[in-house]
Amino acid sequence: MITIKNIILEIWHVYLDVSVFMLFGFLVAALLYVFFKPDRIKKYLGEGRIKPVLRSALFGIPIPLCSCGVIPVVTGLKKQGANDGAALAFMIATPESGVDSIAVSWAMLDPVMTVMRPIAGLVTAISTGITANIFSSRDHKKASITPDPFFEQGPHPEHNCNCGGETCANTHGATVHEQPLLKRLAQGMNFAFGELLTDIAKPFAIGVFIAGIITFFFPSGISTWSQNNPFLSMLVMLVAGIPMYVCATSSTPIAAALILKGLNPGAALVFLLAGPATNAATMGVVKNIFGTRALAIYLGMISICSLAMGALLDLIYRLLAIQPTVVMGKAAEVVPYGVELTAALILTALLARSLLKRQDCHDHDHDHDHDHDHDHMHNTKVPMEKI
């Protein structure tokens, strides 16, 4: 019982630290939803090997979409004429960062990691996009993509991904008509604290739970091993991160817990970059829409850039003589306990509402499918010899 109590306390402390910054991140996401629309830049992502990639990567950094939520957006960009490099750059930059994950990074990590994370995502996205454009076949038919109807509509809740899929479907080809500012702000708040929160509620809860487990159980001996084998630890985190379904926000508390246990920051950054940008769904989409060569470039450049940026981050910490385990999570300590507790209670209520909403939608879809099957059976004539 004491062990269980201590684990729950660790999870609660992680949750307290992150709640205020999560709410702030969702607020900024609401403003981005109102004033920052993907359809307005599609026309700038077609011609050229470098400029479209730069625009796409810069545009994708602040957008709060998970690796599955970005799939229908990328499909839409590609159908609207975006070249391969620009589409791949957006597909990497968007899930690797976002205003919500940046806010959580500030709370749970430190200023160096908070700044380095989006920069590393930007470098990875631009490098991959330019490389893809350089090696693209000259006779590649840009208008010939016929993505699977699944991706045309956006991921569904039952898809093997931690995100709910509601944002995915809503973002694909979405155009918000110019309406009064107050109404658009209300729509933005509904999106951020409704659909977006629903998308990340489950993976975020899992991430906080895993962080608490790591904090309690993980051996302290990882510190010595990580310091003696920094590159090997980065390779381990790369291999662990590539197949995982983890969004940028939920990966942050996991990375923070590992650093506090002694993992070198470079290895944690590799996980923060590779985890959100790659999983089975995104790799399947890249192969389907862009081809096998593009998939090899996609995975290869993410791996190379993640390892390179991880090594650079470790060098920065050494040059600045910063001890990562000392500075991690200090930003959250500035927030008064009463504010943290209030934010935690508000976030808990919002998360509970989102999870219940998802369950209701799932039950409704299940009942609808059951009724449809029943009607189908009722209307099907059975041959007499079968009776």
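Analyst: The account below turns to the helix pair and then to a record annotation. The model is predicted, so that local features need pLDDT of at least 70 and side-chain atom pairs count only at pLDDT 80 or more, while totals for chains, interfaces and linings use all residues. Residues are numbered from 1 along each chain as its sequence is written, and side-chain values use heavy atoms, with hydrogens and water left out.

Helix H14 covers residues 280-290 and helix H15 residues 292-319; helices are DSSP runs of H or I with at least four residues, numbered from the N terminus. The two pack at an angle of about 140°, and their axes are 7 Å apart. Axes here are lines fitted to C-alpha atoms over the stretch in contact, and angles run from 0 to 180 degrees between N-to-C directions. Because of that angle, H14 is oblique to H15; the word applies to angles that are not under 35 degrees (roughly parallel), over 145 (roughly antiparallel) or 65 to 115 (roughly perpendicular).

On the H14 side, the contact (heavy atoms within 4.5 Å) is made by Thr282, Met283, Val286, Lys287 and Phe290. H15 contributes Thr292, Ala294, Leu295, Tyr298 and Leu299. These residues divide into seven nonpolar, two polar and one charged, where Ala, Val, Leu, Ile, Met, Phe, Trp, Tyr, Cys and Pro count as nonpolar, Asp, Glu, Lys and Arg as charged, and the others, Gly among them, as polar.

An unreviewed UniProt entry lists residues 295-317 among its "transmembrane region" spans; such annotations may be inferred rather than shown by experiment. This span is 100% helix and 0% strand, and its end C-alpha atoms lie 33 Å apart. Residues 337-356, also listed in that entry, are likewise 100% helix and 0% strand, with end C-alpha atoms 28 Å apart.
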